Amino acid sequence: MSRQRWAARWFGRVLAFLLPALLTLAMVLAVRIEGYRQVFLHVGQSAIEELQLVRGTTVAMLTAIGSSYQVMNEFDASRLSALASSMRYNTPGVQLVAFATWVDHGEENAFVAEMVESGYPSYRIRGQDAQELIPGKRGHLPIRFIEPNNPRLLRLLGLDVLQDDDSVYQVRELAASGLPAVLEGWRPGPVADGLVFYVMPTYRGFFAPSDTHGRLVQLDGLFLFGVDPQMVVSKLERLHPEVAFVLGPMTAGEAVGSGVTMRPVSEGGGLGLRLTAVQATLDGLGGLHMSRYLRPGELLSPIALFLPLFVGMASLSLLVALQKREEVRVELVRKERELEDERRRADGAMRSISDAILMLDENFRIRYVNRVAERMLGLDAAELSGRLAEEVLVLLDARTRAPLEALHGWLQRMSGQEQFPDLLLHTPARDCIPVNIRVSRLREIERQGVVVAIRDISHEHELTARLTYQANHDALTGLLNRAAFEARVRRALARSIEEGISYALIFIDLDRFKLINDTHGHQAGDRLLKQVAEVLQQVLREDDCLGRLGGDEFAVLMRTPDLEAASEMAHRLRERLQTIRFLWDGQAMEIHASLGVVPVDATSGSFEELMMNVDLACHAAKEAGRNTVHVLRADDRVVGERKRQIQWLPRLQEALDENRFVLYRQPIWRVLALDGEPAMYEFLLRLRDADGNDLLPGVFLPSAERFDLMRAIDHHVIELAMQAMSDPSVMPRESVCTINLSGQTLTDENLLDHIHAQAQRHGVDPRRVCFEVTETVAISNLQVAGRLATQLRERGYRLMLDDFGAGMSSLGYLHQIQVDFIKIDGQFVRRALTDPLSAVSVRMICEIAHVLGVETIAEMIEDQQTVQCMRGFGVDYLQGFHLARPEPLSDLGQLRMMRSD
């Protein structure tokens with residue numbers, strides 16, 4: 001080969017390697033950078049949503065406290081403390097709540113004297129001279145109340161909000177609008193350094209004036225919320241530790257939400273990439289500056305470098321293969337004619353070289369062997385010729401590994417047969433190999449013999465063994481699969497019953513494995529499962545049986561003297577799994593698992609009961625908080641309760657099929673009309689058992705919710721209720737009835753159609769029907785509940801929020817869900833006579849509900865004193881055992897109630 005041709009060949013090979021490798025590297029780098037950029041954009045969107053949530057919650061709470069102030073006759077420090085503490089608890093970032101009252105010029109001394117008499121001996125108005133808000137309205141806005149009431153914040157008492165012309169202008173704009181907004185640039189001093197103040201104006205009178213001038217004239221004061229934006233930034237940093245967040249002023253050229261800027265930077269001794277962006281912030285804070293530094297190892301990991309190298313090598317290999325192929329083609333053309341004649345002569349022999357062939361004479365001496373037989377027996381043809389077959393053919397039974405006796409007689413018996421036993425051939429080179437033997441008689445003119453064809457079936461045996469292994473082992477981890485493991489458990493259970501041997505079964509379920517799978521992909525999940533399998537094998541003993549039952553579930557079968565030893569092993573497994581630090585994409589994740597332990601002995605019952613018990617024990621560990629071990633014992637109440645819930649499933653299905661759900665009703669009276677007919681009735685559900693007893697909902701509804709039967713039950717209740725309302729002998733003709741709906745039913749797309757179909761079928765006026773949803777269910781499905789409320793009201797039905805007022809933030813949801821009634825949480829009603837905070841809560845709920853045009857119902861009325869108390873608070877309706885107990889519809893005639901005050 002010439003030098004020029006050699007150089008050209010190698011130059012082409014270098015290009016064939018470099019070009020695909022570099023292109024692939026650039027593509028991989030671009031894909032990884034785009035992935036990080038998309039994640040960074042998602043983080044920015046999350047930051048925007050978090051900031052918007054803070055602002056929206058703060059504005060909602062300001063509106064709620066402003067509305068509460070407007071409808072109250074008196075407003076003192078204790079009421080501010082009760083409201084403000086609840087607001088701060090439910091509003092993230094709010095550090096202080098203050099109220100600044102308007103003091104007309106000339107009344108400063110009287111106001112200060114009033115504050116001194118109220119318990120603030122050092123109170124004084126601190127600020128400039130009286131400011132003119134509008135012509136004829138000149139005075140101060142000193143801070144009158146503040147929460148929390150600690151010495152550091154008390155320094156703000158008396159501070160005049162009208163500090164300068166800018167603050168006067170802003171207060172004038174706020175008072176004119178009547179809406180909450182940020183008081184930009186207002187800083188009360190070092191005590192509240194770094195806080196942003198949201199302000200809500202209040203006005204004299206029960207309602208705020210509708211016109212701008214009236215609001216300026218009747219301005220009564222300001223509510224101020226001091227929000228710490230740094231708490232929001234800290235929350236963002238906890239949610240996204242890889243991103244740096246900084247609140248600061250905007251620089252020239254920056255635009256909020258302008259996208260992601262990338263630039264290469266050198267940090268930590270390597271050239272990386274920095275992503276930066278500016279997002280929206282709380283009012284008056286400038287911009288939220290976000291940045292993330294991508295290290296070289298994140299951009300180009302060993303795995304990312306492997307693909308370009310692989311592509312380059314593949315391209316080079318392909319080029320070399322093509323070059324070699326051309327050389328071989330040229331050489332083959334030259335020799336093809338020379339080999340053609342030889343190929344014809346060897347063609348017949350080539351067909352028979354796959355098996356070892358031995359030709360034996362009538363005395364079973366070897367006359368001929370082919371090359372395959374020479375290799376198999378480890379001797380050449382000259383050494384084998386003339387020897388007896390039994391001297392060189394050592395055949396063993398594959399099952400017993402015992403040598404075949406009387407080989408000559410066996411060969412005669414096997415001659416011409418199709419079926420042969422499993423045999424092993426002992427060879428000097430390969431020890432024992434599985435073989436298949438066929439024996440044929442050879443008849444010649446003067447003598448007889450046999451032909452023995454021996455086929456090496458090692459490959460078939462290996463394939464069979466591999467298939468058997470694959471059928472019994474998990475392809476990912478190499479552990480026993482579910483079928484093989486359950487077979488081991490069945491055998492262990494049988495031995496424990498027959499021989500009294502004690503075993504234990506440990507069920508292991510990884511916690512939050514689905515989160516890793518969904519977040520990082522199945523490749524990360526598979527690697528984690530392999531790592532978990534290796535760790536479990538390191539902890540277990542040699543004779544312990546470990547299997548993967550599927551997904552993230554593993555199980556251990558171990559022979560143990562008692563359940564305590566199995567419990568100790570389960571705790572060791574849990575602690576060892578907890579030490580795993582799973583690394584993926586530069587992130588370290590902790591691995592936790594929940595474990596259930598059950599004994600495998602004569603008391604375990606059937607195999608199905610055993611597997612159900614260990615699954616229940618594992619679920620009990622999860623319900624106990626995860627990353628725990630639950631050992632099933634004879635008196636296990638947790639597992640027993642779950643079994644009872646499972647046992648309720650067929651009973652509930654049977655009750656639905658046999659129509660054994662019955663309705664009770666409990667009256668609801670107007671406060672001002674306790675005599676005569678009730679204003680409303682609430683339908684209550686009961687389950688009639690086989691003995692005719694009516695079971696309370698607390699007995700069977702938890703199981704129905706667990707097994708997703710509430711939709712079917714609620715549909716059935718709606719049908720029963722509509723049927724009862726259509727019969728005047730059961731329900732009064734004009735009565736309004738309430739029907740409870742569960743959280744599962746709220747998401748039923750067919751709910752509205754079913755309700756309307758039943759109402760039309762039974763001729764029930766929609767205005768007589770009110771659907772009752774608990775506040776907890778409504779808040780957890782806020783959008784669904786809001787949409788359902790709108791659709792129900794459009795068709796004429798009514799809606800009630802039950803258990804209302806568990807948190808003061810409940811008031812904010814009344815703007816998002818339009819309801820007709822709210823039923824005050826019974827715990828507030830029961831404690832209203834003894835607990836001042838409960839009494840204030842009930843009164844506030846009533847006042848705000850009336851402002852919004854919503855009627856209130858007090859439940860759990862248990863005595864006459866509570867009736868009088870609720871009347872004083874302005875409750876519209878009453879319900880409770882003191883007035884009437886629930887009664888079954890089938891046992892009721894016309895219900896009338898006479899009760900004195």
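# A tour of the chain, stop by stop

Select Cys618: this cysteine is buried, with a relative accessible area of 2%. Keep in mind from here on that the model is predicted.

**Cysteines**

Stay with the cysteines and select Cys846, which is buried at a relative accessible area of 0%. A disulfide needs sulfur atoms within 2.5 Å. The structure as a whole holds zero disulfides.

**The whole chain**

Zoom out and show the chain as a cartoon. The chain has 901 residues, and 47% of them count as buried. Colour by secondary structure to bring up 30 helices and 35 strands. Contacts can also be sorted by separation in sequence: of those between residues at least 6 apart, 65% join residues at least 24 apart.

For an example of two residues separated in sequence, select Gly12 and Leu316. Gly12 is in helix α1, which covers residues 3-71. Gly12 is partly exposed, at 27% relative accessible area. Between Gly12 and Leu316 there are 304 residues in sequence, while their C-alpha atoms are 9.1 Å apart in space.

**Salt bridges**

Side chains of opposite charge can pair when their charged atoms come close. How many salt bridges does a search of the whole structure find? The search finds 18 salt bridges. Three of them follow.

Begin with Lys622 and Asp509, whose side chains form a salt bridge with an N to O distance of 3.9 Å. Lys622 belongs to helix α19 (residues 607-623) and Asp509 to strand β19 (residues 503-510), so this pair, 113 residues apart, links distant parts of the chain. Are these two partners buried or exposed? Lys622 is buried at 17% relative accessible area, and Asp509 is buried at 11%.

Next, select Glu855 and Arg670. Their side chains meet in a salt bridge, 3.7 Å from N to O. Glu855 is in strand β33 (residues 855-858) and Arg670 in strand β26 (residues 661-670), so the pair ties together parts 185 residues apart in sequence. Glu855 is partly exposed, with a relative accessible area of 26%. Arg670 also counts as partly exposed, at 39%.

Then move to Asp820 and Arg793. The closest N and O atoms of this salt bridge are 2.9 Å apart. Asp820 lies in the loop between α27 (810-813) and β32 (821-824), and Arg793 is in helix α26 (residues 782-794), so the pair ties together parts 27 residues apart in sequence. Both are partly exposed: Asp820 has a relative accessible area of 21%, and Arg793 has one of 32%.

**A buried charge without a salt bridge**

Select Asp802, in strand β31 (residues 798-804). Asp802 is buried but has no salt bridge. Which side chain of opposite charge is nearest to Asp802? It is Lys823, at 4.6 Å.

Show the surroundings of Asp802 next. Leaving out residues up to four places away in sequence, Asp802 touches Asn740, Glu772, Val773, Thr774, Glu775, Lys823 and Glu859.

**Aromatic rings**

The structure holds six aromatic pairs. One of them is Phe582 with Trp584, a stacked pair with ring centres 6.4 Å apart and 10 degrees between the planes. Phe582 is buried, with a relative accessible area of 1%. Trp584 is buried too, at 10%.

Select Arg490 and Phe607: the charged end of Arg490 sits over the ring of Phe607, 3.8 Å from the ring centre. For another case, select Arg686 and Tyr664. Arg686 lies over the face of Tyr664, and the distance to the ring centre is 4.8 Å.

Methods
Residues are numbered from 1 along each chain as its sequence is written. This is a predicted model: local features need pLDDT of at least 70, side-chain atom pairs count only at pLDDT 80 or more; totals for chains, interfaces and linings use all residues. Side-chain values use heavy atoms; hydrogens and water are left out. Helices (H or I, at least four residues) and strands (E, at least two) are DSSP runs, numbered from the N terminus. Buried means under 20% relative accessible area, exposed over 50%, partly exposed in between (1.4 Å probe, protein chains only). Lys and Arg count as positive and Asp and Glu as negative; His and the chain ends are not counted. A salt bridge is a side-chain nitrogen of Lys or Arg within 4 Å of a carboxyl oxygen of Asp or Glu. Contact means heavy atoms within 4.5 Å. Rings of Phe, Tyr and Trp (its six-membered ring) pair if their centres lie within 6.5 Å; planes under 30 degrees apart count as stacked, over 60 as edge-to-face and the rest as tilted. A charge sits over a ring if NZ of Lys or CZ of Arg is within 6 Å of the ring centre and within 35 degrees of the ring normal.
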